[in-house]
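Hi,

Here is the structure I promised to pass on.

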Amino acid sequence: MALGSCSSSFNYDVFLSFRGADTRHGFTGNLYKALDDKGIYTFIDDEELQSGEEITPALLKAIQESRIAITVLSINYASSWFCLDELAHILECFKSKNLLVVPVFYKVDPSDVRHQKGSYGEALAKHQERFNHNMEKLEYWKKALHQVANLSGFHFKHGEGYEYEFIGRIVELVSGKINHAPLPVADYLVGLESRLLEVTKLLDVESDDGVYMIGIHGIGGIGKSTLAIAVYNLIACHFDGSCFLIDLREKSNKQGLQHLQSILLWEILGEKEINLASVEQGASIIQHRLQRKKVLLILDDVDKHEQLQAIVGRPCRFGPGSRVIITTRDKQLLASHGVKRTYEVKLLNENNALQLLTWKSFKTEKVDPSYKEVLNDVVIYASGLPLALEVIGSNLFGKSIEEWKSAIKQYKRIPSIQILEILKVSFDALEEEQKNVFLDIACCFNRYALTEVVDILRAHYGDCMKYHIGVLVEKSLIKKFSWYGRLPRVTMHDLIQDMGKEIVRQESRKEPEKRSRLWLLEDIIQVLEDNKGTSQIEIICLDFPSFGKEEIVELNTKAFKKMKNLKTLIIRNGKFSKGPKYLPNNLRVLEWWRYPSHCLPSDFHLKKLAICKLPYSSISSFELDGLWKD
């Protein structure tokens, strides 16, 4: 048997290829009846379709629309040009469309087919006489015969058992394959075909040389699970057993790893009554029972190493040809488990994003042109994240243009809870200090140069900043991005940034002065002008717009008096009426462009300052050096 698709988009379960004169009214007719009796929808051509020398378009279409092809290789099969062309086309579909091919060697030796001996050699010799001007076609047939003979199938020898028992075994196998129900996928898929192609290349399912583990990683809501389901539906029926453990992170927390181990054994072995005393016992039983089985196992949404240890372990736990697919947000988790074949799911391009949003919003691919502007606004806001496009599109289904405009403003002000909850999973998995680093970047330092971020936050967290940055990259929360040879910058998806900002906003929804980080112009000006500073504020990062009319900020000179825990103060481009009379001595980073005074406050100590920049101000770097030394 060879690789075939388990997708549900087929018109036939089985396509029968056979030599009509040999087996139509005998073996093949009985096989067709047995398949039909089991409710297996089988294509069997009528005699008219085989009357010519060319395969008809209807027959080619039937092959392409079948899940399984059974080739009944009888004694005179190769004497028919028609049968040989049909076989060659079946094997083309085996390669290009993942058709499952089951050869049946009916009263012929597989080696005769493989090496074109016996009746097969005689038939090819006659064809050679006729096709001596077209040796390419002859080689095409020989290659097809050799290839089909190398596939695993059934061999019926004359005098060995009853035909009805032999047919029963074929029907049992076919029934088991088509009874594998495909998992439901999204109602509208875009950009999936190219992703499927890349992952199936990594899987190399046709090879039985060893056990391959493949990791699919990316940010939350990007479509990792959807891709894994599509892969599962495509290849699952080519394994001795298969299991898709969905939402593994959530289920392992609620039900425990032993329960998941039991599900795996039940799905593959069909045994419900397996009581496991411990995770260790479960791992041992999985290896003992499955190490000789070719299995497909998909672990969806893995977030801890112990999950992989308990369920997957090492490749020797499963039989040759097995495949394990792991979806995760954490690339480091894959590396630490020795998963070398990985695929990163990318954001949708603008065209695919628009297609998905249009379908979710209107259930059609064509819409009123008047919606073009609002559709483009949502595409820009979602930045290629399928989750956001699906949630927003579904919420705006059937809404007017004015309702779209109003909703977009609301999403930009306060992101959707549905989107944030999924994105926040990666944040929740961080250590406490890593959470703070992430929030610092999301609120204040997104798109800053990597070296600058490291320098600023080192003043907060010490020399472990590079490690923290690395963890955030591995968990798909940030990226290190550089272009045109420039220094790399720290970037993150807009919605992940919104998620971080929303976490800080929730610290005090109505009183910004009670939040740990301030970055919005209006919030900061309110705090500085009205002297509303509190000890909760740890970072103020204010970058005034460099365009438009410049307004003077009426700074309250005691604005920083109560900000005892302020560690970073960055103000760029703004103009202030006067300078502060007080700065917190806990400051580690002070950057204030056009600092509005000739000197720093007299009681301000610079000892804790790691970074002090006052460009375009009347305090020179020479004076700062003197203050530092004092």
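Strand 3 (residues 66–73) pairs with strand 4 (residues 100–106) in the parallel sense, over 6 bridges. If you want a spot to start from, take Thr71, whose bridge partner in strand 4 is Pro103. Bear in mind throughout that this is a predicted model.

The two strands belong to an open sheet of 5 strands with parallel pairing, in the order 2-1-3-4-5. Its edges are strand 2 (42–43) and strand 5 (154–156), each of which pairs on one side only.

Then the helices. Helix 3 (residues 57–64) lies across strand 1 (12–17), strand 2 and strand 3, and runs at about 125° to strand 1. Helix 7 (residues 135–149) lies across strand 3 and strand 4, at about 90° to strand 4. So which strand do both helices lie across? That would be strand 3.

The other thing I looked at is Glu591, which sits in strand 18 (residues 589–592). Buried or exposed? Glu591 has a relative accessible area of 5%, and because the cut-off for buried is under 20%, Glu591 counts as buried. What does its side chain make a polar contact with? The partner is the side chain of Arg572, at 2.7 Å. Arg572 also turns up among the contacts of Glu591 once neighbours within four places in sequence are left aside; the others are Glu452, Leu569, Ile570, Ile571 and Lys613.

Cheers

Methods
Residues are numbered from 1 along each chain as its sequence is written. This is a predicted model: local features need pLDDT of at least 70, side-chain atom pairs count only at pLDDT 80 or more; totals for chains, interfaces and linings use all residues. Side-chain values use heavy atoms; hydrogens and water are left out. Helices (H or I, at least four residues) and strands (E, at least two) are DSSP runs, numbered from the N terminus. Buried means under 20% relative accessible area, exposed over 50%, partly exposed in between (1.4 Å probe, protein chains only). A polar contact is a pair of N or O atoms within 3.5 Å; within protein, one must be able to donate a hydrogen and the other to accept it, and residues adjacent in sequence count only if both atoms are side-chain atoms. Contact means heavy atoms within 4.5 Å. Two strands pair if DSSP finds at least two bridges between them. Axes are lines fitted to C-alpha atoms, for helices over the stretch in contact, and angles run from 0 to 180 degrees between N-to-C directions.
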